[in-house]
Amino acid sequence: MPITVWVLLGFAAWTLLILFATVGVYRWSRILTGRTEIGIWRASEWYRRAIRAHMNCVENLPVYTALVVAQISAHVTSPILDGLAITILAARICQSIIHVLFDQTNIVAGVRFAFYFAQVLSLIAMGGLIAMSAHA
């Protein structure tokens, strides 16, 4: 299986893990221990950040998936694509961790954005490389 597909599986797994390990555990531990009711929920700032980290994954996973589908359809393989894919997943994980674990100061938000920017540049590079290789 190509590395880009392994990364796709990793990206999907991370998206689920960030949901269950943050939002799920936090909310359900409070509901099951009687600290809050299921129908009444006041989200903390940390909980809101965890939701946003998960949604960031959900928003970007389809874009990466489309690139992998295009790559497979065009029968394009490249170590550069593999490296870009690994960069995307590593940067996604770092961005999510920073989003969840740290209060969002200007410095923290800047570092988080740098990891997002690395993903965007890698996605664009993958798309360009796939398109150019498909025409060759």
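In this predicted model, helix α2 (residues 45-73) packs against helix α3 (residues 79-101) at an angle of about 170°, and their axes lie 8 Å apart. That angle makes α2 roughly antiparallel to α3, a label given to angles over 145 degrees. The residues of this contact divide into 10 nonpolar, 6 polar and 3 charged. Here Ala, Val, Leu, Ile, Met, Phe, Trp, Tyr, Cys and Pro count as nonpolar, Asp, Glu, Lys and Arg as charged, and the others, Gly among them, as polar.

| Helix pair | Angle | Axis separation |
|---|---|---|
| α2 and α3 | about 170° | 8 Å |
| α1 and α2 | about 165° | 9 Å |

Axes are lines fitted to C-alpha atoms, for helices over the stretch in contact, and angles run from 0 to 180 degrees between N-to-C directions. α1 and α2 are therefore roughly antiparallel to each other as well. The contact of α1 with α2 has 21 nonpolar, 7 polar and 1 charged residues.

Between α1 (3-32) and α2 runs a loop that holds Thr 36. This residue is partly exposed, with a relative accessible area of 21%, where buried means under 20%, exposed over 50% and partly exposed in between (1.4 Å probe, protein chains only). Apart from neighbours within four places in sequence, Thr 36 is in contact with Arg 30, Ile 31 and Trp 41.

For the protein as a whole, there are 4 helices and 0 strands, assigned as DSSP runs (H or I, at least four residues, for helices; E, at least two, for strands) and numbered from the N terminus. The C-alpha trace spans about 60 × 30 × 20 Å along its principal axes, and buried residues make up 35% of the 136 residues. Among contacts between residues at least 6 apart in sequence, 77% join residues at least 24 apart. The protein exposes about 7800 Å², of which carbon and sulfur atoms supply 73%, as computed by the Shrake-Rupley method with a 1.4 Å probe.

Residues are numbered from 1 along each chain as its sequence is written. Local features need pLDDT of at least 70 and side-chain atom pairs count only at pLDDT 80 or more, whereas totals for chains, interfaces and linings use all residues, and side-chain values use heavy atoms, with hydrogens and water left out.

How values were computed:
Parallel < 35°, antiparallel > 145°, perpendicular 65-115°, else oblique. Contact = heavy atoms within 4.5 Å.
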